[in-house]
Amino acid sequence: MEETCLRCLFSVISLLSCATHQARLTVSPSSSQFFKRNFVSLSCEEDDSSAGWTLRRNTSKQQRTQCGRDGWGKPAGSSCNISKLYESDSGVYWCESREGPISNMGNLTVTGGSVILQSPVLPVMEGDDVTLLCKTKTTPSNLPAAFYKDGSLIRKQPTGHMTIQHVSRSDEGLYKCDISGHGESPSSWITVTVDLEKAEDGLTYSDLKELHHQQQSVKLSTGSDSAVVYTAVRTEDINYEQTEMRSNRSGDFVQEPDVYSLLK
């Protein structure tokens, strides 16, 4: 029951925020996980360039820091480039305007291990096909891999690729993969959203606040893994909480942020 209500809460927040977005965060390469010393470029795709969009992030050590001004990233137009990622770059990234609204959020994980799961960093639309890639740091990268959701084995794939066809809300969850002889990837949460124009059974703002009060302190966890869904809301609705880094079974650090307090 708690997990069902939590999914409703995050999905409705996502639906409400999509209607007011003036910028959209994009990540290139498009992945939620990266190897240490990889390169990544994050961009703010703007509908209104006059809004003054900037890229910010929360990590385990810093909150709401800005690209190019707080010791990380190099601005390049509406983009922010990080030439060499480190575990300390793991965190939540978003675009923010000087007027207050923010974009969707992306949760990036950087690992010093030898296996990553390339999965969507942003929410995926219900009905779309989603391909997951279990990748090693060294070639070849298309090795047989086992894929897990919420701690349970889904299937084993001979080439390290797994496609979830026509994703639904039931496919939301915490995913990871394992390659025999190489190790296990960190875990990443996959969020599934619905098309706002096709949504028929929406909740009211009052329903949203009630769901928030019921699920204010809930976290989804499976075994030693846990994750939080990050959605886009106004900055005045966010109470930024300190994140924590902990080690999983394979020795990699995974981010375990506290849930943002929303709609106080």
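Predicted model: local features only at pLDDT ≥ 70, side-chain atom pairs only at ≥ 80, totals over all residues.
Reader: Over how many bridges do strand β3 and strand β7 pair?

Author: Strand β3 covers residues 40-46, and strand β7 covers residues 79-82. Within this pair, serine 41 stands opposite asparagine 81. The pairing of β3 and β7 is antiparallel, and the number of bridges is four.

Reader: Which strands stand at the edges of the open sheet, and why is one side of each left without a neighbour?

Author: The open sheet consists of four antiparallel strands in the order β1-β3-β7-β6. Each edge strand has a single partner, so one side of it has no neighbour in the sheet. These edge strands are β1 (23-28) and β6 (74-76).

Reader: By what angle are neighbouring strands of this sheet turned against each other on average?

Author: The average is taken over neighbouring strands of the sheet, with direction ignored. The value is 20°.

Reader: How many residues has the largest nonpolar core?

Author: Among the elements that give two or more residues to this core are β1, β3 and β7. Leu25, Val27, Leu42, Leu55 and Tyr93 have the most contacts inside the core. Leucine 55 touches, among others, Leu25, Leu42 and Tyr93. The size of the largest core is 20 residues.

Reader: What percentage of the residues of the protein chain count as buried?

Author: A residue counts as buried under 20% relative accessible area. The protein chain has 264 residues. The share that counts as buried is 49%.

How values were computed. Residues numbered from 1 in each chain as written. Heavy atoms only, no water. Pairing = 2+ DSSP bridges. Axes fitted to C-alpha atoms, helices over the stretch in contact; angles between N-to-C directions. Core = buried A, V, L, I, M, F, W, Y, C linked by side-chain atoms within 4.5 Å. Buried < 20%, exposed > 50% of the residue type's maximum accessible area, 1.4 Å probe, protein only. Contact = heavy atoms within 4.5 Å. Lists of a residue's contacts leave out its neighbours within four places in sequence.
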